[in-house]
Amino acid sequence: QVQLVESGGGLVQPGGSLRLSCVVSGSISSFYAMAWYRQAPEKERELVATLTKGGSTHYADSVKVRFKISRDNVNNTLYLQMNSLKPEDTAVYYCNTLAFTGNRVYPDNSWGQGTQVIVSS
């Protein structure tokens, strides 16, 4: 099964930046898409950004312009560059692979440990 290892989180002040990394056990280019999710305290996990095999990107409205998803196929690593961070970005961030089935996308049922991002003064 796919193994995912997220890293790069930490404590940052509002307006600051962080770059998250996700090392994937498989060939990153073989999946339909890759994605970043986040789960804030007391909230459900939400989709933040996606990057398809063909290079198309999609972002949640709350992070558009501020965040950028990218990949390194050679090192099988997914990245999330986060700029102009806000307190509401505080969450545990997870990466995952996405499959396309029935005109919908689904994350793999195996999740990594995530990486904690705290935006606070």
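First, a term for the opening stop: a salt bridge here is a side-chain nitrogen of Lys or Arg within 4 Å of a carboxyl oxygen of Asp or Glu. Keep in mind that this is a predicted model, where local features need pLDDT of at least 70 and side-chain atom pairs count only at pLDDT 80 or more, while totals for chains, interfaces and linings use all residues. Residues are numbered from 1 along each chain as its sequence is written, and side-chain values use heavy atoms, with hydrogens and water left out.

**Stop 1: the charged network**

Select Asp89 and Arg66. Their side chains form a salt bridge, 2.7 Å from N to O. Asp89 sits in the loop between E8 and E9 and Arg66 in the loop between strand E6 (57–59) and E7, so this pair ties together parts 23 residues apart in sequence. (Strands are DSSP runs of E, at least two residues, and helices are runs of H or I, at least four, numbered from the N terminus.)

Are these two buried or exposed? Asp89 counts as buried at 1% relative accessibility, and Arg66 counts as buried at 11%. The cut-offs: buried is under 20% relative accessible area, exposed is over 50%, and partly exposed is in between, using a 1.4 Å probe and protein chains only.

Arg38 is in strand E4, so its pairing with Asp89 ties together parts 51 residues apart in sequence. Arg38 also bridges to Glu46, with the closest N and O atoms 2.8 Å apart. Arg38 is buried at 6%, whereas Glu46 is partly exposed at 34%. Show Arg38, Glu46, Arg66 and Asp89 together and you have a linked network of salt bridges.

**Stop 2: strand E9**

Next, select E9, where 8 of the 11 residues are buried. Two strands count as paired if DSSP finds at least two bridges between them. E9 runs antiparallel to E4 over 7 bridges, and there Tyr93 is the bridge partner of Arg38. E9 also pairs antiparallel with E11 over 3 bridges, with Val92 partnered by Gln116.

**Stop 3: the hairpin**

Follow E9 to strand E10 (residues 104–107), its antiparallel partner over 4 bridges. Thr101 stands opposite Arg104. The hairpin has 2 residues between the strands, and Gly102 takes a positive phi near 60 degrees.

**Stop 4**
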